[in-house]
Amino acid sequence: MPLLLPAKPRVRESFARAAASYDNAAVLQRQVGERLLADFSPLPEPGTIIDAGCGTGHGCRLLRARWPSARITAVDFATSMLAVARSAADHCLAADIEALPCGDERFSTWWSNLTVQWCDSGKVFAEARRVLRPGGQLALSTLGPQTFAELRAAFIGIDRHRHTLSFSEPDAIAAALTLAGFAEVRLQRQTINMHYPDLKTLLRAVKEIGAHSVGEGARSGLLGRSAWQRVQAAYEQHRTPAGLPARYDVILAYARK
């Protein structure tokens, strides 16, 4: 079944507003980007790289440190994010990665860190293959269905609204890459737990990176005091010595055109 994705204008607006707070809050994004790069050794080495959904440019800086001579194109549809990333890239494009304003076979490497979960993966992968040169390589990270499992569990019995984004199974990511025409598809799955002192701080951290749009079925108003206390009590059952956990089911994917 297709995922229920939030409307693009709302996602763009959320990330645009988060540009100022993003770098301080994007601890997970930096960890995942570093893990994605650690197992990515394309040969020949990249000459031209597209960072699809670059955010404020952390991925561009990672890629620059690894391959200093590569020319990097940063792409994001939130222009305030792109403005911050500009200093880390050779070229910037304000665009949706489902419809890139780039010629065919322009890049040797397509990279994307924690962006695909907001998109139609079929469209994204078709565009990735189109803009890659023959033999070009792809590396991406996204989130799987166990992401925010504790948060969803805490809301059971409270209401019938959606409180998290829909996330793809690893097999669905692999199948979409294969359908788009990629070969040598390789996936890894890892769990990262971030910890927070309380639930309000956890939710604020998600909002500070702009990742709080969940699409159709989301609650339009605030919870009542009693309901919120029940959610907090339910989440407290997951507390560890490190604090309240937020689980991220991380999928790393690699492929060749």
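**View 1. Arg-186 is partly exposed, at 36% relative accessibility.** Partly exposed denotes a relative accessible area between the limits for buried (under 20%) and exposed (over 50%), with a 1.4 Å probe and protein chains only. The model is predicted: local features need pLDDT of at least 70 and side-chain atom pairs pLDDT 80 or more, whereas totals for chains, interfaces and linings use all residues. Residues are numbered from 1 along each chain as its sequence is written, and side-chain values use heavy atoms, with hydrogens and water left out. Arg-186 forms a salt bridge with Asp-39 (2.6 Å, N to O); the term requires a side-chain nitrogen of Lys or Arg within 4 Å of a carboxyl oxygen of Asp or Glu. The pair links distant parts of the chain, 147 residues apart: Arg-186 lies in strand 6 (residues 183-196), and Asp-39 in the loop between helix 3 (27-38) and strand 1 (48-52). Helices (H or I, at least four residues) and strands (E, at least two) are DSSP runs, numbered from the N terminus. Asp-39 is likewise partly exposed, with a relative accessible area of 32%.

**View 2. Helix 6 (residues 121-131) has buried residues Ser-121, Val-124, Phe-125, Glu-127, Ala-128 and Val-131.** These buried residues fall within an arc of 160° seen down the helix axis, so they line one face of the helix; the arc is that of the directions from the axis to the C-beta atoms. They pack against strand 4 (107-113), strand 5 (132-143) and helix 8 (170-179), contact meaning heavy atoms within 4.5 Å. At the N-terminal end, Asp-120 caps the helix through a side-chain oxygen 3.0 Å from the backbone nitrogen of Gly-122.

**View 3. Glu-127 and Arg-130 form a salt bridge, with their closest N and O atoms 2.7 Å apart.** The two residues are three apart in helix 6, separated by about one helical turn. Glu-127 is buried at 12% relative accessibility, whereas Arg-130 is partly exposed at 24%.

**View 4. Ile-72, in strand 2 (residues 71-76), is buried with a relative accessible area of 0%.** Among the residues that Ile-72 touches, not counting those up to four places away in sequence, are Ile-49, Cys-60, Leu-63 and His-91. Ile-72 and Gly-47 are 25 residues apart in sequence and 8.5 Å apart in space, C-alpha to C-alpha.

Terms used: Polar contact = N/O pair within 3.5 Å; in protein donor to acceptor, adjacent residues only side chain to side chain.
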